[in-house]
Amino acid sequence: MDENILIQNAKRGDVKAFSALIIPYEKRLYHAALIIMGNKSDAEDITQETLFIIFKKLKQFRGESKFYTWASRILINSCHKVGRKKKRWFEIFNKYNASRQRYNQELIVNWKENQRDLYLVGKVLDKLEPI
């Protein structure tokens, strides 16, 4: 069936038409996601998310470009979105780790100072006469 007819039918909610429309492009989208993301798990997740977005936004497709061009743009945007989230998470994790290390170092320094203070207090108490 002609791609334009499949698009028009899918826009009207025909799930079979959408399936027939997307099947030829599904592997290409997955491979593009795999190249961009670098691992199978993310590529599978992003491909699935992209197919869902394409289904939701199909009515917005104006036909000014090829369907695959439009679909691949959605895929690329999804990859960037996930990449930004992962980067933010990685930055937050690194900040947390750095602050945790500083806190642990402060604990060690404070513990050493407290040990010295306790030792000195013990020395002074030993010199006091009993009441």
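## A first look

Of the 131 residues in this protein, 26% are buried, meaning under 20% relative accessible area with a 1.4 Å probe and protein chains only. The model is predicted, and local features need pLDDT of at least 70, side-chain atom pairs count only at pLDDT 80 or more, while totals for chains, interfaces and linings use all residues. Residues are numbered from 1 along each chain as its sequence is written, and side-chain values use heavy atoms, with hydrogens and water left out.

## The helices

You will find four helices and zero strands here; helices are DSSP runs of H or I with at least four residues, strands are runs of E with at least two, and both are numbered from the N terminus.

## How α1 meets α2

Helix α1 (residues 3-11) and helix α2 (residues 15-37) have axes that come within 7 Å and cross at roughly 130°. Axes are lines fitted to C-alpha atoms, for helices over the stretch in contact, and angles run from 0 to 180 degrees between N-to-C directions. The two helices are therefore oblique to each other, because angles under 35 degrees count as roughly parallel, over 145 as roughly antiparallel, 65 to 115 as roughly perpendicular and the rest as oblique.

## The nonpolar core

Now for the largest nonpolar core, which has 27 residues. Such a core is a set of buried Ala, Val, Leu, Ile, Met, Phe, Trp, Tyr and Cys residues joined through side-chain atoms within 4.5 Å. Helix α2 gives the largest share, nine residues.

Leu29 is among the members that touch the most others. Not counting residues up to four places away in sequence, Leu29 touches residues including Thr47, Leu51 and Tyr68, where contact means heavy atoms within 4.5 Å.

Note on methods. Buried means under 20% relative accessible area, exposed over 50%, partly exposed in between (1.4 Å probe, protein chains only).
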